[in-house]
Amino acid sequence: MKTRSGWISEQLCVQAARTCNLYCVYCQNPPTGESAEKGKTAALVKKRGVKAVSLEGGGEPTASPEFFDWIRTLKASGVTNFMLSTNAVALSDPEFCRKAGKAVDYFTVNFPASDPETYQKATRSVKFGLAVKGLENLKALGAENKIRLFHIVFRDNYRRLPAFADWVIKNLPG
């Protein structure tokens, strides 16, 4: 179901990932090497008449080589709205981002920091630039109003909240 603002308020969460391209210190749903079974999930979606799905969990959905196949399979089962929970790293590839932008209605982006040093502490990676590029690519596609940032506050970023807020206002004013 969509709210007046257009955001999807009710959806089935599908664990469409089995690996991740980051290693976040605060991860609550780390990769297990397994994802939901597409066939069983599609049958459940069709049986229940699910119209909205959030692709997430067990890692990063866009890190799966089956990412777009998940969307095709679920669309064939009746899903009409997709939300993606992502870290935006794979969206740094313009072609991947373009395809995702066409297939996904809303993007919830885990973005733990507005500077590379804090981002590295949060994600144990040096992929800050790729994540920023992913957000820039979404903006270039006109999807700025389809982005919701998910910012987990933890011991290494809480002092940077004012700087993060300023960064968001500057880079994602929509």
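Predicted model: local features only at pLDDT ≥ 70, side-chain atom pairs only at ≥ 80, totals over all residues.
I started at cysteine 13, which turns out to be partly exposed at a relative accessible area of 46%. My scale: buried is under 20% relative accessible area, exposed is over 50%, and partly exposed is in between, with a 1.4 Å probe and protein chains only.

Residues are numbered from 1 along each chain as its sequence is written, and side-chain values use heavy atoms, with hydrogens and water left out.

**Cysteines.** I searched the whole structure for disulfides (pairs of cysteine sulfur atoms within 2.5 Å) and got zero. Cysteine 20 is in no disulfide either; the nearest cysteine sulfur to it, in cysteine 24, sits 6.2 Å off. Cysteine 20 is partly exposed too, at 27%.

**Sheet.** Next I traced the strands (DSSP runs of E, at least two residues; helices are runs of H or I, at least four, and both are numbered from the N terminus). Five of them make an open sheet, ordered 1-2-3-4-5, with parallel pairing; to pair, two strands need at least two DSSP bridges between them. Strand 1 (12-15) and strand 5 (147-150) are the edges, each pairing on one side only. Between strand 2 and strand 3 I found four bridges. One alanine there, alanine 52, has asparagine 81 of strand 3 as its bridge partner.

**Core.** Which residues have the most contacts inside the largest nonpolar core? They are Leu55, Phe67 and Phe111, in a core of 43 residues. Such a core is a set of buried Ala, Val, Leu, Ile, Met, Phe, Trp, Tyr and Cys residues joined through side-chain atoms within 4.5 Å. Elements giving two or more residues to it include strand 2 (52-56), helix 2 (67-76) and helix 6 (161-171). Leucine 55 touches, among others, Val14, Phe67, Ile71 and Leu84 (heavy atoms within 4.5 Å), leaving out residues up to four places away in sequence.

**Asparagine 87.** I ended in the loop between strand 3 and helix 3, where asparagine 87 lies. Buried or exposed, this asparagine 87? Buried, at 4% relative accessibility. A polar atom of its side chain is 3.0 Å from the backbone nitrogen of valine 89. Beyond four places in sequence, asparagine 87 contacts residues including Cys20, Glu60 and Ala131.

Conventions:
Polar contact = N/O pair within 3.5 Å; in protein donor to acceptor, adjacent residues only side chain to side chain.
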